[in-house]
Amino acid sequence: MLSPFCKSQVPSFMDMTRFVNTFGRYLRAKYGEKVHKISVNASFTCPNRDGTKGIGGCTFCNNASFSPDTTNAGDITAQIQSAKKKVSQRTGAGKFIAYFQSYSNTYGSVDDLRRYYDEALSDDDVIGLAVGTRPDCVPDPVLALLKEYQDKGYEVWLELGLQSTFDASLIAVNRGHGFAEYEDAVKRAKGFGLKLCTHLIMGLPGEVPEDTLTSFDRVVELGVDAIKVHPLHIVKGTQLARDWKQGRVKEMTMDEYTHVMAEVIRRAPEHLLFHRLTGSGERQYLLSPEWAMKKWDILGLIYRKLEADCMTSS
């Protein structure tokens, strides 16, 4: 007999939805068609860059390494039109979520935020917003604004970049906030009825991969709706890159990453959505680990580890 974790007999192809409640499947079930996130750059900064809390940002941060197409911000409407064309040709998606991705996208006045969000939603094919930000940049008036859009029927996700629940790790990467700020942000956002996705990075300096399991458990206990995980990327133009070149950063292996990610999936409550199981970044910026570029190899290893569980329990 298969365990409850194994949702079906083993198919002849890699179907990760057997084990993972994916964001893509959720969107297709809800809207009846393929929906894709497209990145938008509204020229935000963050308090860890503008001097409010610090300068230079997190030691691992170079936004261009994850969203090079939106590094140079411009007209939001033009960005969306360009991205829609590219994504539609590649994926066939006809509906989109505007993903305000670069830096802290709630770090501004409510009037400015409303103007940016309204412009993104003025496109008939954009059905919602995904707003990436820091836990210390979500005051109640901003949460109320996001709730307005949700109440109008838009798909709204607040994406909180936490990275780790260990304060020592957050200090080590110059994060500028601790776990307490995250807990507060989650409780207040849940009070507004917003959907929450939390970002975690596995392999931060001073951590072992298994520490991500602790962070995952703590995040899930707070009642978030979704999770996004990727391995630590050491990219050009960061303090972390300089530390790595001097041999001060221990590199994680692909096997370590996939082993822990498989356990994360095993522990996940059935309702939890996974927005991402890994992240590949951009080859032109990535210094280490090289295996992070092999997205399908990573997903294949995770799948085979989960598949082996089901074969054993059958």
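The radius of gyration used here is taken over C-alpha atoms, and the rule for a globule is 2.2 Å times the number of residues to the power 0.38. For 314 residues, that rule puts a compact globule near 20 Å, and the protein chain has 19 Å, which agrees.

Good morning. The model before you is predicted: local features need pLDDT of at least 70, side-chain atom pairs count only at pLDDT 80 or more, and totals for chains, interfaces and linings use all residues. Residues are numbered from 1 along each chain as its sequence is written, and side-chain values use heavy atoms, with hydrogens and water left out.

Let me begin with the overall form. Along the principal axes, the C-alpha atoms fill a box of roughly 55 × 50 × 40 Å. The protein chain exposes about 14000 Å², of which carbon and sulfur atoms supply 50%; accessible areas come from the Shrake-Rupley method with a 1.4 Å probe, and for residues only the protein chains shown count as cover. Of the 314 residues, 51% count as buried, where buried means under 20% relative accessible area, exposed over 50%, and partly exposed in between (1.4 Å probe, protein chains only).

I turn to the secondary structure. The chain has 10 helices and nine strands; these are DSSP runs numbered from the N terminus, helices being H or I of at least four residues and strands E of at least two. Seven of the strands form an open sheet with parallel pairing, in the order β1-β2-β3-β4-β5-β6-β8. Its edge strands, each pairing on one side only, are β1 (35–40) and β8 (273–276). Two strands pair if DSSP finds at least two bridges between them. Strand β1 runs parallel to β2 (residues 95–100) and is joined to it by six bridges; Ile38, for instance, has Ala98 in β2 as its bridge partner.

Helix α4 (residues 140–151) touches β3 (126–133), β4 (155–163) and β5 (195–202), and its direction makes about 145° with that of β4. Helix α6 (residues 179–191) touches β4 and β5, at about 165° to the direction of β4. Axes are lines fitted to C-alpha atoms, for helices over the stretch in contact, and angles run from 0 to 180 degrees between N-to-C directions. Contact means heavy atoms within 4.5 Å.

How is strand β6 placed, buried or exposed? Six of the six residues of β6 (residues 226–231) are buried, so this strand is largely enclosed by the rest of the structure. Ala226, Lys228 and His230 point one way, while Ile227, Val229 and Pro231 point the other. In a regular strand the side chains alternate between the two faces of the sheet. Strand β6 pairs with β5 in the parallel sense over six bridges, and Lys228 is the bridge partner of His199.

Next, Thr133, which lies in strand β3. Thr133 is buried, with a relative accessible area of 5%. Glu159 is 26 residues away from Thr133 in sequence, yet their C-alpha atoms are 6.2 Å apart.

Finally, the core. A nonpolar core is a set of buried Ala, Val, Leu, Ile, Met, Phe, Trp, Tyr and Cys residues joined through side-chain atoms within 4.5 Å. The largest one here holds 70 residues, among which Phe100, Tyr117, Leu129, Tyr182 and Phe274 touch the most other members. Helix α9 (residues 254–267) supplies the largest share of this core, seven residues. Beyond four places in sequence, the residues that Leu129 touches include Phe100, Tyr117 and Trp157.
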